[in-house]
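Subject: Structure handover

Hello,

Here is the structure we discussed. Please look it over before reading the notes below.

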Amino acid sequence: MRPQAGNPRSNGLTITVMVAMLCGSIVLYFWLFDTPLMQVFKEWTAQTTGFALGLIGTDVEISGTTVASDSFAYQIVTECTAVGPLLLYAAVVLAYPVGFRPKMLGLILGSLIISGLNLIRLVSLFYVGTYWRDHLGELHLLFWQGAMMLSVVILWLYWLRRWDRAATV
């Protein structure tokens, strides 16, 4: 059920479905916010961050949701996980009218890319906190939060261009 060019009714339906899915993903995110399931995501995020830091030679200890070295520590909170960006990305991919296979490929590859970018974000913030603590707030709030949301939009537009073109060929 792809929207037909010039058919305002089907284009309007697609937009309505996307808005509903985006709203649903936001409601789901806040519903999950302080649940035991989100605690699992936070601890998993802390573990993978610690593993990545260890791979590049930084000795850290993980305790629950805290990632700590001798000189710096931070706690993984809900907003530090990739759950929010993943839910938004999944909403727009699932809402777009293409087949099952393109959606599943988009969800799998997109989830890997978004999760990988989030890991890069957390590792970089750990180093900024260790060596340039005065700049941690700006990098965390002004750069990385916007970069994560922008990456979701760019990734979705890339997926959309790839599969929309394949559907019309």
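How many bridges join strand 2 to strand 3, and do these strands run parallel or antiparallel? The model is predicted, and in it strand 2 (residues 66-68) is joined to strand 3 by 3 bridges, with the two running antiparallel. Within this pair, A68 has A73 of strand 3 opposite.

The sheet as a whole is open, with 3 strands in the order 1-2-3 and antiparallel pairing. Strand 1 (61-63) and strand 3 (73-75) form its edges, each pairing on one side only. From one strand to the next, the twist averages 15°. Strands of a sheet pair through backbone hydrogen bonds, either parallel or antiparallel.

Helix 4, residues 100-131, lies across strand 2 and strand 3. Its direction is at about 140° to strand 3.

Leaving aside residues up to four places away in sequence, T58 touches L53, F126 and Y127.

On the cysteines: the disulfide count is 0, where a disulfide would need a pair of cysteine sulfur atoms within 2.5 Å. C23 has 44% relative accessibility and therefore counts as partly exposed. C80, at 10% relative accessibility, counts as buried.

Regards

Conventions: Residues numbered from 1 in each chain as written. Predicted model: local features only at pLDDT ≥ 70, side-chain atom pairs only at ≥ 80, totals over all residues. Heavy atoms only, no water. Pairing = 2+ DSSP bridges. Helix = DSSP H or I, 4+ residues; strand = E, 2+ residues; numbered from the N terminus. Axes fitted to C-alpha atoms, helices over the stretch in contact; angles between N-to-C directions. Contact = heavy atoms within 4.5 Å. Buried < 20%, exposed > 50% of the residue type's maximum accessible area, 1.4 Å probe, protein only.
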